[in-house]
Every structure is written in structure tokens, then in C-alpha cells.
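Welcome, and thanks for taking a look at this model. Please have your viewer open as you read.

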Amino acid sequence: MLAVNQCVHLFFGKRWFVLIIWQVMSALLTGINVINTLLADRNGSTLPFLQLCISYTLLLVVHIWRYEKSDMSWIPYIVVSVFNIGGDTAAIYAYDNTSLSSAMLLATTTIFWVTPLSFFFLKRKYSLVQLLSMVIGFGGVIMIFIADGVGESRWLGNLCAFLSALAYAIANVIQEKLVYSASATLYICRFSIFASPISGIFAGAIEHSKIKNYDWNTLTYVFIFVYSFFLAVY
């Protein structure tokens with residue numbers, strides 16, 4: 001186990017490896033979004049809280065045996081869990097109500113909200129080139145968003161995607177602080193311990209009738225499981 005941890009730290013200390021991993025993460029995120037869209041197209045809607053409950057439970061089962069004792073307060077972990085659950089839920093609703101391209105583009109605006117938040121709360125510094133790149137990227141997102149339109153229910157989906165990006169930005173800033181203050185393992189364990197039952201409660205309270213009347217077939221089971229697995233890995 002020690003050798004594995006040393007190997008992980010060695011590779012993640014290399015910028016080229018981190019960039020490769022982020023490309024893998026982008027591919028996973030694309031797969032998650034496509035599955036959500038297919039599920040909504042086939043069944044008329046998704047099951048956000050049920051899907052998240054399965055995903056968080058997988059995360060909990062895999063990591064709980066590595067739980068680390070810590071004197072750190074649970075409160076910031078609860079706060080970041082609330083924002084992550086909100087971001088995940090809003091993202092799923094976004095794919096119910098807008099196009100795949102609009103939802104994914106607006107989801108990428110997370111970085112634009114992370115920048116000022118990390119500047120003020122984490123004292124991160126950004127170069128003029130980085131800021132200029134983000135301005136250009138944000139301008140491109142706005143142009144494609146306008147071209148895609150907001151007709152029918154798309155305005156609701158686009159709003160959900162925007163709220164998802166904002167919630168992720170807040171969660172990411174808190175998450176970075178927690179991971180650096182303790183460890184990634186402690187963060188994942190505490191997050192999943194809180195997020196799994198909360199999403200399960202919401203699934204039972206809000207989605208029980210939809211779950212009962214949902215079009216359950218082999219492909220639906222596959223879509224929901226693959227979505228949950230991909231999100232847990234992500």
C-alpha cells in the first residue's frame with residue numbers, strides 16, 4: 001500500500017500526468033452527460049436523487065474502510081456536501097430541459113466563478129494571461145449560448161446549468177481547502193457519509209411516485225448504473 005501511495009504521489013506531482021488525468025475526467029463527464037440526455041429522451045425525465053444516491057453509496061462503500069480519524073469539524077464537510085448535491089441535482093435537471101451542448105457549455109463556466117472565489121478566500125493569484133484566457137472562453141460560451149436559443153423549456157434548463165456551475169464553484173473552493181487541511185480520503189469519506197443518506201431521503205420524499213411509475217427496462221437499469229458508476233469515479 002505504501003508503494004502504491006508513493007507511486008500515486010510521484011505521478012500526480014507531474015504536470016503532464018495531471019493534464020492527462022483531466023482529459024480522462026472530461027471524457028467521463030461527457031459520458032455522464034450523454035447518458036443523462038439519453039435517459040431523459042427515452043423516459044421523459046431522469047431520476048436525479050435516486051441516481052445520486054446510488055453514486056454516493058458506491059463512493060461510500062469503496063472508501064469507508066479507509067476512514068481516517070480527525071479532529072476537524074464536520075460542519076465544512078456538510079456545507080460542501082450540500083453544494084455538491086445541489087450542483088449534481090441541478091445538472092441532471094438541466095439535461096432534462098435543454099440541449100446537451102447548452103448544458104455542457106454552461107457547466108464549464110464553473111472556472112469563471114472559481115477564480116474570484118479562490119482569489120478572495122484562498123488568496124490565489126492569477127496572471128494576466130490566465131485572466132485574458134478566461135475572458136475569451138467566457139465570451140465564446142455566451143455566443144454559443146445565444147446561438148443555441150432559450151425557447152420552450154430551454155431557459156429553465158440553462159438556468160439549472162448555470163446554478164449547477166455556481167454550486168460546483170463554491171463546493172470546489174471549500175473542497176480544496178479541506179483536502180489541503182486534511183486529506184482527500186477524509187474528504188471523500190465524510191462527503192459520502194453525509195451525501196448518501198440525504199440523497200436517499202430526497203429520492204424517497206420527492207421521487208417515490210416517479211420511481212414507481214418509471215419505465216423500468218434493461219436499458220434503463222444499464223443507463224442508471226453506468227451513470228452512477230461514472231459519477232462515482234469522476
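Predicted model: local features only at pLDDT ≥ 70, side-chain atom pairs only at ≥ 80, totals over all residues.

Residues are numbered from 1 along each chain as its sequence is written, and side-chain values use heavy atoms, with hydrogens and water left out.

**Overall fold**

The protein has 11 helices and zero strands, where helices (H or I, at least four residues) and strands (E, at least two) are DSSP runs numbered from the N terminus. Its radius of gyration is 19 Å, close to the 17 Å that the globule rule gives for 234 residues, so the protein is as compact as a globular protein of that length. That radius is taken over C-alpha atoms, and the rule is 2.2 Å times the number of residues to the power 0.38. The C-alpha trace spans about 45 × 45 × 30 Å along its principal axes.

How much of the protein is buried? Buried residues make up 37% of the 234 residues; the term means under 20% relative accessible area, while exposed means over 50% and partly exposed lies in between (1.4 Å probe, protein chains only). Among contacts with a separation of 6 or more, 87% join residues 24 or more positions apart, a contact being heavy atoms within 4.5 Å.

**Aromatic pairs**

A search of the whole structure finds 11 aromatic pairs. Rings of Phe, Tyr and Trp (its six-membered ring) pair if their centres lie within 6.5 Å; planes under 30 degrees apart count as stacked, over 60 as edge-to-face and the rest as tilted. Two of the pairs are tabulated here.

| Pair | Centre distance | Plane angle | Type |
|---|---|---|---|
| Y77 and Y187 | 6.5 Å | 40 degrees | tilted |
| W113 and F162 | 5.7 Å | 90 degrees | edge-to-face |

Y77 lies in helix 4 (residues 75-97) and Y187 in helix 9 (residues 184-206), so their pair ties together parts that are 110 residues apart in sequence.

W113 is partly exposed at 24% relative accessibility, and F162 is partly exposed at 31%.

**Single residues**

Is T46 buried or exposed? T46 is buried, with a relative accessible area of 0%. It belongs to the loop between helix 2 (15-43) and helix 3 (48-63). Not counting residues up to four places away in sequence, T46 touches N36, L39, A40, Q51, I92, D96, K210 and Y214.

K123, in the loop between helix 6 and helix 7 (128-148), counts as exposed at 63% relative accessibility. Its phi is near 60 degrees, a positive value in a residue other than glycine. Most residues other than glycine have a negative phi.

R154 is part of helix 8 (residues 154-181) and is partly exposed at 27% relative accessibility. R154 and A94 are 60 residues apart in sequence, yet 8.4 Å apart in space, C-alpha to C-alpha.
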